[in-house]
Amino acid sequence: MADSGHTAWLLTATALVFFMTPGLAFFYGGLVRAKNLVNTIMLSFMSIAVVSIVWVLWGYSLAFGTGNAYIGDLSLLGLSGVPFASGEGDAYPELAFVSFQMMFAIITPALITGAFAERFQIKTYLIFLVLWSTLVYSPITHWVWAEKGWLLELGALDFAGGTVVHISSGFAALAGALVLGRRLGYGKVPMEPHNIPMVVLGAGILWFGWFGFNAGSEVMVDGITVSAWTVTNTATGMAAVTWVLMSWAHTGKPSVVGAASGAVAGLVAITPASGWVGPMAAIIIGIAAGTICYAAIAFKSARKWDDALDVWGVHGMGGLTGAILTGTLASPHVWDTGDGIGAWTGTAEGMEQQAISIIGAAISIGYAFGVTIVILKVMDAVWPGGIRVTPKEEEIGLDLAQHGERAYVNE
């Protein structure tokens with residue numbers, strides 16, 4: 001019989017993580033130009049719809065099916081092998097875990113859309129969702145979280161998705177930005193956010209939902225759940241403050257968009273570490289996230305990479321920062337199973353854990369970046385007209401060109 005408290009918390013966390021994708025839609029929507037708002041929101045919304053179906057049909061089986069060290073099998077195809085009731089000694093029904101993990105699978109490709117915002121065809125995007133979820137997300141999830149996953153066996157730590165969600169989406173986003181090329185007028189015409197209150201609203205929803213993302217990843221209620229909740233908030237606040245101070249020093253004015261972006265960077269960086277570190281380590285991670293992600297965006301701009309909404313800088317580099325610092329700052333006071341796990345910082349075990357974190361992150365980066373390029377290149381070659389909208393459609397705006405709708409109608 002399942003524990004009702006653990007099950008109730010897992011379902012609550014599932015709802016919180018679900019809410020993050022609409023939050024992302026608002027966050028990204030505020031950052032784009034008004035003529036592309038409807039399209040940008042649509043990209044996140046359709047990720048909810050499409051990936052929900054993919055996850056039930058084969059995504060969960062590929063991610064968590066028995067399989068081998070690199071990919072799951074199809075034993076859970078259509079959730080046919082997932083029991084609807086809990087077994088004796090189970091903390092929660094497996095179907096609750098399926099739903100919780102589904103929300104991670106939904107938001108990950110939605111994150112990528114910020115890189116190719118304002119220039120990707122909606123028809124090809126729907127195909128991309130299916131291919132990317134199947135060929136990139138499910139395998140990396142299996143490596144890191146499945147019982148036989150080779151990175152899990154190696155000892156890689158990713159409590160709530162720094163590698164699975166943020167490194168994979170961030171570096172896939174960079175691949176997408178490079179394959180699609182720059183927007184028309186990039187660097188020559190203004191492309192500032194059209195609705196800053198919407199950006200802050202979206203960031204606030206993400207911050208709220210992230211408690212389910214991180215604290216929910218304990219999949220039960222105990223001290224680690226509470227600790228993960230606390231460090232999530234601490235790192236996020238520190239990263240937001242750090243980003244504001246850096247933008248203030250750099251531009252002479254504190255940026256509201258910068259505060260929102262810094263908060264998201266902190267959320268990203270604390271994600272892999274949230275179940276392994278304490279509050280003071282969370283402050284360090286927040287400072288590192290604000291600093292490194294801010295610098296990454298400056299580097300991207302200098303290279304003229306048109307990652308439209310800075311997905312690589314915030315999610316890719318934030319996830320990488322968190323993954324590495326997890327090995328550095330993990331504390332035995334937070335996670336101690338009695339077999340040496342947790343006693344890393346400043347020890348030989350700590351250096352070994354650091355190396356494992358770097359290896360896991362590097363391989364995930366190479367896989368997500370490389371496979372995403374292949375997917376997009378093949379799609380661009382075989383799809384009539386390619387995956388990018390026409391110059392005329394881009395100039396008109398994707399809301400009217402792709403959807404025949406406008407976000408704002410003048411009375």
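Tutor: Let's start with a term: buried means under 20% relative accessible area, exposed means over 50%, and partly exposed is in between, using a 1.4 Å probe and protein chains only. This is a predicted model, in which local features need pLDDT of at least 70, side-chain atom pairs count only at pLDDT 80 or more, and totals for chains, interfaces and linings use all residues. Residues are numbered from 1 along each chain as its sequence is written, and side-chain values use heavy atoms, with hydrogens and water left out.

Student: Is phenylalanine 116 buried or exposed, and what is its relative accessible area?

Tutor: Buried residues fall under 20% relative accessible area. Phenylalanine 116 is therefore buried, its relative accessible area being 1%.

Student: Which kind of aromatic pair do phenylalanine 116 and phenylalanine 128 form?

Tutor: Rings of Phe, Tyr and Trp (its six-membered ring) pair if their centres lie within 6.5 Å; planes under 30 degrees apart count as stacked, over 60 as edge-to-face and the rest as tilted. For phenylalanine 116 and phenylalanine 128 the centres are 6.0 Å apart and the planes are at 85°, and the pair is edge-to-face.

Student: How many residues apart in sequence are the parts that this pair ties together?

Tutor: Helices here are DSSP runs (H or I, at least four residues), as are strands (E, at least two), numbered from the N terminus. Phenylalanine 116 sits in the loop between helix 3 (94-112) and helix 4 (122-145), while phenylalanine 128 is in helix 4, so the parts tied together are separated in sequence by 12 residues.

Student: Which side chain of opposite charge is nearest to aspartate 399?

Tutor: Lys and Arg count as positive and Asp and Glu as negative, with His and the chain ends not counted. A salt bridge needs a side-chain nitrogen of Lys or Arg within 4 Å of a carboxyl oxygen of Asp or Glu. Aspartate 399, in helix 14 (residues 398-403), is buried yet has no salt bridge; at 8.4 Å, the nearest side chain of opposite charge is arginine 406.

Student: What is the distance from the backbone nitrogen of asparagine 39 to a polar atom of the side chain of aspartate 399?

Tutor: The aspartate 399 side chain also has a polar atom 3.2 Å from the backbone nitrogen of leucine 37. For the backbone nitrogen of asparagine 39, the distance is 2.9 Å.

Student: How far apart in space are glycine 212 and methionine 191, C-alpha to C-alpha?

Tutor: Glycine 212 belongs to helix 7 (residues 196-215) and is buried, with a relative accessible area of 0%. Glycine 212 and methionine 191 are 21 residues apart in sequence, and their C-alpha to C-alpha distance is 33 Å.

Conventions. Polar contact = N/O pair within 3.5 Å; in protein donor to acceptor, adjacent residues only side chain to side chain.
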